[in-house]
Amino acid sequence: MPRPLQRVRLESGLKLNLNRLARRGYIKPGAFTGPVGITWTEKCTGDEIASGLITADMSGTEGWFRIKLGHLDQRILLITKRRHFGGRQWYFVCPYTNRPASVLWKPPGAQSFASRQKWKRQVAYASQFMDRVARGHQGAATIKSRLCSVGGFDPHEWDLPPKPKWMRWRTYNRMVERFDRYEAMVEEGLLGVIKPLGLSKNISN
């Protein structure tokens, strides 16, 4: 059974992903950037949820990130850590736990951004409210969406898209294995519902 919706759903709030912000050009390692406008939109409808301004100083090995959003004006420290394969990786320093984090969240009703660990049991991921069948459907849909996006495939034409041209076979095969596990979750969940009704034999045939 899915869990009762007692905690706040984390994905219903706002999210700052430092690596994604850098990939999209909102911030730039090695430079001072901003202020730059940023918006959050609802995935299904594309409607704007919130908008604000971000500024960042990443010109050294440490820096800061500033987000202005309505009445919120929050400044967050940034640090770098050495990568095993060379170079340095940037991280937020959570204002509450003082730990490095690539992603900060502002759940519904919160007054600032912080790492997932700060919110503890006040929040939960959307998948924690789902039953096994729903988690299977969501997982398979996520993999299909990613493959279609990377490979330029029409999602209406494929249950599981083929390997995108530039994707490694090793990566693709891992995604296929995960897709199959999610599909199995859906089938097992449906059989669990059908069996008590005495319909499993007809379905399998």
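Here are some notes on the structure above, point by point.

1. A word on ground rules. This is a predicted model, where local features need pLDDT of at least 70 and side-chain atom pairs count only at pLDDT 80 or more, while totals for chains, interfaces and linings use all residues. Residues are numbered from 1 along each chain as its sequence is written, and side-chain values use heavy atoms, with hydrogens and water left out.

2. Start with the sheet. Six strands make an open, antiparallel sheet in the order β3-β4-β5-β6-β7-β8. Strands here are DSSP runs of E with at least two residues, helices are runs of H or I with at least four, and both are numbered from the N terminus. Two strands pair if DSSP finds at least two bridges between them. The edges belong to β3 (32-41) and β8 (100-101); each has a single partner strand, so one side of each has no neighbour in the sheet.

3. Now look at one pair inside that sheet. Strands β5 (residues 62-69) and β6 (residues 72-82) run antiparallel and are joined by eight bridges. Leu69 has Leu72 in β6 as its bridge partner.

4. How many salt bridges does a search of the whole structure find? It finds one, with a salt bridge meaning a side-chain nitrogen of Lys or Arg within 4 Å of a carboxyl oxygen of Asp or Glu. Asp73 and Arg66 form it, and their closest N and O atoms are 2.7 Å apart. Asp73 is partly exposed at 42% relative accessible area, and Arg66 is partly exposed at 31%. (Buried is under 20%, exposed is over 50%, and partly exposed is in between, using a 1.4 Å probe and protein chains only.)

5. Most residues other than glycine have a negative phi, and most peptide bonds are trans. Gly34 and Pro35, though, are joined by a cis peptide bond, with omega about 0°. Pro35 is in strand β3. Asn98 isn't a glycine, yet its phi is positive, near 60°. You'll find Asn98 in the loop between β7 (88-93) and β8, and Asn98 is exposed, with 60% relative accessible area.

6. Last, a couple of residues in helix α4. Where does Glu177 sit? Glu177 is in helix α4 (residues 169-194) and is partly exposed, at 47% relative accessibility. Arg170 is in helix α4 too, and Arg170 counts as exposed, with a relative accessible area of 67%.
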